[in-house]
Amino acid sequence: MDFPTPPSLTVWDIGNEEYLVTFSWTPAGPVERPGVAGSFNGWSRQDLPMEGPGADGAYNVTARLSAGEFEYKFVEGSDGWHTDPANVPSGGMGQNSKFALGFYAFIGDIETSAGDGEIETRAFRHDPAQHLYFDRFAEDKAVIRASVLRDDVEGIAIELSQDGETVTAPMAFAGGDAVFDYYEHTYRGRPAQGAEYAFVVTDADREWKTERSWEFRLEDRGIVETPEWARHAIWYQIMVDRFRNGDTSNDPPHHTDNRTSRVTHPWNSSWYDEKPWERDDTGRNFWRWSMYDRLYGGDFQGVIDKLDYLKELGVTAIYFNPVFQASNSHKYNARNYVHADDMYGVPGEHDRVSPQEDYNDPATWVFDESDRKLLDLVGEAHARGIRVILDGVWNHVGDDHPAFLDVERNGRDSPYADWFDIESWDPFEYVGWAGFDGLPEFAKSESGLASQEVFDHIANVTRRWMDPNGDGDPSDGIDGWRLDVPTEIPMPFWEEWCALVRSINPDAYITGEIWSPGEDWLDGRTFDAVMNYQLPKIALRWFANDADRITATEFDRLLGRLRIRYPRNSTYVLQNLFDSHDTDRWVSRIANPDLEYDAGNRLQDGSPDYFDERPSETDYKRLKLMAVFQATYVGAPMIWYGTEVGMFGADDPMCRMPMWWEDLGPYDDPEYIVMDDLREHFRGLFRLRNANELLRTGEFRTAVVLDDQDVYGYWRTSDGSAESVLVLLNNGPRIRNVVLNAAAGHSDYRDFTRLFGDAKIEAAPDGASMSVELPPVAGVVIRVGKGF
């Protein structure tokens with residue numbers, strides 16, 4: 001935690017724990033569009049462009065930052081990411097560079113030990129302007145938090161004054177990270193009632209009270225509102241081409257480019273086998289032109305045919321990867337946002353209607369038969385109580401998008417000349433997302449997208465799919481959006497666009513692909529949630545790692561820190577995933593312990609030690625244990641299609657094999673085995689969650705942490721409930737007998753029911769304790785009558 005200021009950074013202290021930081025980068029030669037991206041700006045490539053080069057060859061930019069620890073890289077062009085050569089971390093080039101400001105810069109020199117009577121008062125933190133420290137989550141409730149240096153004190157109390165009375169209450173430990181411990185108190189009061197508070201920190205016989213106090217009225221604090229239905233969601237992610245072929249009339253072959261003739265790939269073929277049409281003598285790369293070019297024929301009808309399957313599984317919400325007109329299987333290279341893809345609907349429809357349409361005039365847009373097939377799917381899902389969100393890819397399109405083709409053809413004279421990020425007109429050069437020429441990016445400005453026409457077009461597309469018949473009732477449209485690479489577009493765009501979405505449907509759900517901590521995205525201005533990639537980064541370290549496994553205590557600590565990272569109402573609607581189309585499969589990550597999450601898992605990039613064969617029985621047992629955690633934890637569970645039947649594979653494209661179905665077998669690869677027991681496991685867990693509101697909306701309280709036994713347990717409870725739910729997880733290889741008593745947070749265990757899992761349970765005659773015998777690598781869920 002001790003980060004000396006590197007020579008490439010110049011820091012000025014401007015008071016109140018605020019700093020001006022000048023970043024300086026001297027690359028080997030001139031670079032295009034240099035900048036700085038880091039944890040301080042949501043890793044946005046556009047927010048901090050650098051000026052230069054100066055006479056010394058250096059590029060520079062100055063940012064205003066608060067005290068804290070940060071990671072960063074220098075960026076160039078559309079896809080260049082560079083470790084600061086003057087600040088190379090221990091992991092070497094390619095890793096994020098790090099620095100710290102203020103107190104954080106010398107925190108590594110401070111030794112702490114709770115109970116020694118020493119309090120590092122400089123480390124105390126409370127800033128009610130941040131949701132982390134003051135979070136009003138209901139009309140009459142707010143959480144007030146404070147933080148101190150890790151392992152430094154024995155406790156914090158809040159001294160609260162209102163209506164002429166002062167009450168001092170102990171604060172509960174809420175979680176921690178490598179630097180701080182966090183404590184919290186839930187305040188309940190009338191919205192108009194004024195209150196004042198201060199904090200008292202204790203360690204051994206020493207007591208320290210904050211020098212100042214804070215005042216508030218609840219009605220003066222905003223509430224981050226999120227859709228109520230999203231708290232109750234169980235998500236299922238679908239890539240349509242790989243889920244189910246329900247209509248062979250829309251299958252390829254279509255000639256989609258001048259490189260290859262697309263032929264529908266046999267659904268039950270072995271993934272690594274090349275077919276005759278995938279081979280030629282031009283030296284094409286197997287990964288680039290074979291695996292990535294495959295189309296399997298999945299379509300909207302296939303999804304409709306399996307909606308009852310999803311309903312029976314317990315799914316209540318579907319997130320679809322892109323479905324708009326595009327040439328590839330993933331559809332992130334949109335040819336047209338206005339229309340659903342004909343490969344998923346009815347062949348030829350796009351070419352039939354699009355010539356009569358004007359991108360800038362939605363009055364000319366019609367719903368073709370492929371569009372209506374997508375709307376039929378939405379309607380059929382809604383009829384089963386299943387919500388639907390689509391993938392919004394507003395940063396870039398495909399290089400066959402007619403607007404881009406017009407720019408390519410007519411240059412500056414094109415009516416769409418200001419739509420795209422053109423670097424040179426002669427020769428014609430442009431910015432492609434992540435360096436891919438096939439994904440031309442829209443031009444950006446500080447306020448979002450540079451072209452108002454592009455924003456208006458996206459806005460009209462948004463209205464089209466959220467309220468298809470335009471009658472003001474959005475019930476016939478989709479229920480929200482997942483946003484692709486949102487950090488590539490400046491925040492003002494998202495503020496305006498999200499406001500538009502909520503004006504169409506106040507109950508719409510908006511989530512984003514944010515890989516780093518996403519506080520800036522969940523403050524009420526833009527998204528409701530993010531794909532919670534922070535959760536697997538923590539959970540896999542306890543559940544799956546071997547040499548680098550953390551203790552149950554550290555697991556509990558990091559989970560607590562993650563729960564308070566975002567406003568409470570956002571935390572309860574996060575998409576809690578362990579894999580997706582952008583990672584290796586969940587069980588394959590378990591089979592490859594000690595890897596960093598989503599690292600070292602791409603076979604095509606040279607990961608020779610990655611195990612990509614069928615995982616072991618023990619790996620699947622661990623998957624089942626993690627599923628118990630996922631289904632009973634705070635936030636909405638989300639699984640990637642096929643997880644429930646045992647699908648495995650390394651990162652993209654291996655994680656995108658076609659779904660395994662019993663009626664499509666036998667499969668050419670004998671390892672492709674539908675696991676009925678695993679599917680029943682997920683079905684039972686999802687049914688349990690759907691039937692028990694405490695698992696969806698209840699408070700979280702740690703019950704037991706046993707490092708020496710690899711056991712972790714927690715309660716899901718509520719003040720207004722007559723019962724609580726206890727979850728116990730045995731992550732070890734041996735049977736464990738866990739005894740719970742009053743110290744675990746319950747006073748009477750006599751009234752209990754086992755809800756899920758195998759375990760021997762026995763309560764003491766007086767109800768003062770409960771004994772639970774847990775099988776190895778297994779979890780149990782128990783209903784316990786109210787006794788808090």
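**Salt bridges and a sheet**

A: Both D371 and R464 are buried, where buried means under 20% relative accessible area, exposed over 50% and partly exposed in between (1.4 Å probe, protein chains only). This is a predicted model, in which local features need pLDDT of at least 70 and side-chain atom pairs count only at pLDDT 80 or more, while totals for chains, interfaces and linings use all residues. Residues are numbered from 1 along each chain as its sequence is written, and side-chain values use heavy atoms, with hydrogens and water left out.

Q: How far apart are the closest N and O atoms of D371 and R464?
A: They are 3.0 Å apart, and the two residues form a salt bridge, defined as a side-chain nitrogen of Lys or Arg within 4 Å of a carboxyl oxygen of Asp or Glu. The pair links distant parts of the chain, with D371 in helix α6 (residues 369-383) and R464 in helix α8 (residues 452-466), 93 residues apart. Helices (H or I, at least four residues) and strands (E, at least two) are DSSP runs, numbered from the N terminus.

Q: How many salt bridges does the structure hold?
A: The structure holds 48. One of them joins D341 to K331, with the closest N and O atoms 3.1 Å apart; D341 and K331 are buried.

Q: And D748 with R750, buried or partly exposed?
A: D748 is partly exposed, at a relative accessible area of 23%, and R750 is partly exposed at 48%. Their side chains meet in a salt bridge (2.7 Å, N to O).

Q: Which residues are linked in a network of salt bridges?
A: D391, R482, D484 and E513 are linked in such a network.

Q: Changing topic: in what order do the five strands of the open sheet come?
A: The order is β31-β32-β33-β38-β35, with antiparallel pairing; two strands pair if DSSP finds at least two bridges between them. β31 (699-706) and β35 (752-756) stand at the edges with a single partner strand each, so one side of each has no neighbour in the sheet.

Q: How many bridges join β33 to β38?
A: Eight bridges join β33 (residues 723-730) to β38 (residues 778-785). The bridge partner of L729 in β38 is G779.

Q: Which strands does helix α14 touch?
A: Helix α14 (residues 617-632) packs on the sheet and touches β32, β33, β35 and β38, contact meaning heavy atoms within 4.5 Å. Twelve of the 16 residues of α14 are buried, including Y620, L623 and F629.

Technical notes:
Axes are lines fitted to C-alpha atoms, for helices over the stretch in contact, and angles run from 0 to 180 degrees between N-to-C directions.
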